[in-house]
Amino acid sequence: MQIQENISLRNFNTFGIDARAKYFASFESLEELEEIVDSDLFKHEKNSLILGGGSNMLFTKNYDGIVLKNALKGISCISEDENSYIVSAAAGEVWHKFVLHCIAHQYAGIENLSLIPGNVGASPIQNIGAYGVEIKDVFYSLEAYHKKDKKVVELKKEACAFGYRDSIFKHQFKEDYIILKVNYRLQKQPVFHTQYGNIEAELQRMGVTELSIQNISQAVIQIRQSKLPDPAVIGNAGSFFKNPIITPVQWEALKQQFPHLISFPFQDAVKLSAAWLIESCGWKGYREGDAGCHEKQALVLVNYGRAHGREIFALSQKIIDSVYQKFHVELEREVNIY
Ligand code: FAD
Ligand code: NAP
């Protein structure tokens, strides 16, 4: 175990922000993590941040504390019954690699979540979701290390309070736990979700006549590659804002005023397309220095090169303000700000 000092985080976040960590350490086992936590340095530093793939964070300043890079590895099927498998993945596994592993073993349920950047350990943090599937649909339990109690605990689904791109780890438990391992319940008989977005059209284009988790994954990969900016080419953290959820009464009033409003039913409420709101305020393709709003995906803020995290944050605030002014709807940031 080695704790490094004054390390650039540029290659550790997909925005490519050149913030620095006062201290930086990575751990490959629980023992290494415990060694770090027991060190005098850790005891003296007030702040510690656990880092996965850095694909859902924006550094607006240098990090005044210890950044811990999670490098725990391992995937295994730990039990099965007539209908399902419990598959366990260490938090440092790359999420998409885990998805491909499951598809290769015919463990069904996460094929629609193909190609989401980041690591397994972050999947419960915002209850990752895409194309009508969320992690909560397959989540069984997780093991996490409590930083203050220095104990490993198991948390079941009910304890995680999963919501739309949300969980207890973004609120009451924020920064309390280091997730070590996540257990998912995956199905032997797949239930296909193809109604969302362009999946059906893509499957048709691919000439698919018989559905399988392999070809759904392939369709999702192709759609994502054609639409989303690749962080390796242009810095970004995916959708910067969540789609706002409003009451049906609010929606009625808005729809009268803005007949082209894009929205979807969401439980007893209505989900608005944040991308449409942002685009309607004229932000799509906007650029200020190296900070910008992507020209094809208004929900995605980008770093064209040397943008400072503060500049991207300031742009996000301008977008929030203008959307509020026009629609009286408050956009919430999805990306974690540091
Ligand atoms: P990081 O960015 O490293 O961390 C995110 C947060 O989780 C931080 O607060 C961090 O401290 C915390 N965290 C990370 N690991 C742990 C751990 N082991 N224990 C405790 N806390 C931890 N998200 C979606 O939901 N759906 C999408 O379709 C989607 N598409 C995306 C597309 C692109 C191009 C990009 C760049 C991002 C996209 N995202 C999407 C956002 C992002 O990929 C996910 O939120 C992902 O789960 C983040 O994983 P990460 O390992 O990079 O987390
Ligand atoms: P898309 O398929 O063009 O859809 C645009 C928006 O409409 C999405 O935000 C989606 O909401 C919503 N939507 C589309 N069909 C819907 C339906 N049948 N029912 C309810 N809502 C529907 O979006 P995209 O940008 O190409 O992304 C595709 C998927 O990947 C989406 O699920 C999106 O959330 C996910 N994604 C997430 C991120 C991220 O960083 N969080 C980044 C890229 C893509 P939802 O967002 O609620 O699904």
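A residue is called buried when its relative accessible area is under 20%, exposed when that area is over 50%, and partly exposed in between. The views below are taken from a predicted model.

**View 1. Phe 98 and Tyr 184, a tilted aromatic pair.** With a relative accessibility of 0%, Phe 98 falls under the 20% cut-off and therefore counts as buried. Tyr 184 is likewise buried, its relative accessible area being 0%. The model holds 17 aromatic pairs. In the pair shown here, the ring centres of Phe 98 and Tyr 184 are 5.1 Å apart and the planes make an angle of 35°. Phe 98 belongs to helix 3 (residues 95–104) and Tyr 184 to strand 12 (residues 177–187), so the contact ties together parts that are 86 residues apart in sequence.

**View 2. Phe 240 and Phe 241, an edge-to-face aromatic pair.** The ring centres of Phe 240 and Phe 241 are separated by 5.3 Å, with 65° between the planes. Phe 240 and Phe 241 are both buried. Together with Phe 15, these two residues form one aromatic cluster.

**View 3. The salt bridge of Asp 64 and Lys 22.** The closest N and O atoms of Asp 64 and Lys 22 are 3.6 Å apart. Asp 64 lies in strand 5 (residues 63–70) and Lys 22 in strand 2 (residues 20–27); the pair links distant parts of the chain, 42 residues apart. Asp 64 has a relative accessible area of 48% and is partly exposed, because this value lies between the cut-offs of 20% and 50%. Lys 22, at 35%, is also partly exposed. A network of salt bridges links Lys 22, Asp 64 and Glu 45. The count of salt bridges in the model is 14.

**View 4. The salt bridge of Glu 288 and Lys 318.** The N to O distance between the side chains of Glu 288 and Lys 318 is 3.0 Å. This pair also links distant parts of the chain: Glu 288 is in strand 17 (residues 287–288) and Lys 318 in helix 8 (residues 309–327), 30 residues apart. Glu 288 is partly exposed, with 31% relative accessible area. For Lys 318 the relative accessible area is 38%, and this residue is partly exposed too.

**View 5. The salt bridge of Lys 284 and Glu 279.** The side chains of Lys 284 and Glu 279 meet at 3.5 Å, N to O. Lys 284 has a relative accessibility of 31% and counts as partly exposed. Glu 279 is partly exposed as well, its relative accessible area being 39%.

**View 6. The second largest pocket, between domain 1 and domain 2.** Residues from domain 1 (4–70) and from domain 2 (75–187) both contribute to the lining, so the pocket lies between the two domains. The space in this pocket is about 320 Å³.

Methods
Residues numbered from 1 in each chain as written. Chains lettered and ligands numbered in written order. Predicted model: local features only at pLDDT ≥ 70, side-chain atom pairs only at ≥ 80, totals over all residues. Heavy atoms only, no water. 1 Å grid on protein atoms, 1.4 Å probe; cavity = no way out; pocket = protein on both sides within 12 Å on 5 of 7 lines; lining within 4 Å. Points joined across faces, edges and corners; volume = space filled by probe spheres on them. Domains from an automatic or database assignment. Salt bridge = Lys/Arg side-chain N within 4 Å of Asp/Glu carboxyl O. Helix = DSSP H or I, 4+ residues; strand = E, 2+ residues; numbered from the N terminus. Buried < 20%, exposed > 50% of the residue type's maximum accessible area, 1.4 Å probe, protein only. Phe/Tyr/Trp six-rings, centres within 6.5 Å; stacked < 30°, edge-to-face > 60°.
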